[in-house]
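Take a look at the model below.

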Amino acid sequence: MISKQLAKLAGRISWEKRDADEMIFGNYNDYLFSVLDGKGFKAFITPIAGIKPDDLAAIRIYLDQHEKELRLFNYEISDNFLCVRIKERLMPMSSDQIEAMLGHLSGILSLYDVPADTCIICGQETKTRGLFMALYCSLHAECKDKEMIDFTAGQASQPGTRDDEEQPDAGSELEPEAEVADTNEKRDEA
Ligand SMILES: [Zn+2]
């Protein structure tokens, strides 16, 4: 069952509910999200197909630097999705807090130029939406059986450590130094 906080939010902002997956999904500020109940956290999952490597690196740095403020449990970037998990302690997040987080996350996606409406498989624009791996995203009908172009793979490789092939999850570990300079640049622009 979906928690009552998620159900309440879905009702208020006209999102869909899927009891079987304990999730709600819909559009927030033009970005697509699936929100799930976890044990001690809420998961916010959004497609980021078509994202540029620099923007993806900047989002990682943002999340790393705002871990405390966001009450981040952890985050994961793979298969063209960004999954941000927010801690819940004694009290579950209220529907207002969940909505505030959607506002915050969609703001980050917009700030870092994450394209909305790009197909989860090919990264090209489409207005067709659906569920892929039970997560809400844009998706060409004809792409469903094609191989995914993974915009989230290998972007974190530093010069001289390119071994994406053997380590598909290499992206989750970053060397901090070079990235920090990159974020500062982004911030100045913003
Ligand atoms: Zn496509």
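This is a predicted model: local features need pLDDT of at least 70, side-chain atom pairs count only at pLDDT 80 or more; totals for chains, interfaces and linings use all residues.

Residues are numbered from 1 along each chain as its sequence is written.

**Strands**

Helices (H or I, at least four residues) and strands (E, at least two) are DSSP runs, numbered from the N terminus. Two strands pair if DSSP finds at least two bridges between them.

| Pair | Residues | Bridges |
|---|---|---|
| E1 and E2 | 16-18 and 23-28 | three bridges |
| E2 and E3 | E3: 31-37 | six bridges |

Glu16 stands opposite Phe25 in E2. Gly26 faces Phe33 in E3.

**Hairpins**

E1 and E2 form a hairpin with four residues between the strands. There, Glu22 takes a positive phi near 50°. The hairpin of E2 and E3 has two residues between its strands. Its turn holds Asn29, with a positive phi of about 50°.

**Asp37**

Asp37 lies in strand E3. Is Asp37 buried, exposed or partly exposed? Asp37 is partly exposed, because 19 other C-beta atoms lie within 10 Å. A residue is buried at 20 or more such atoms within 10 Å of its own C-beta, exposed at 12 or fewer, and partly exposed in between, with C-beta atoms placed from the backbone.

Leaving aside neighbours within four places in sequence, Asp37 is in contact with Ile2, Ser3, Leu6, Glu22 and Lys42. Contact means that the C-beta atoms of two residues, placed from the backbone, lie within 7 Å. Gln5 is 32 residues from Asp37 along the chain, and their C-alpha atoms are separated by 9.7 Å.
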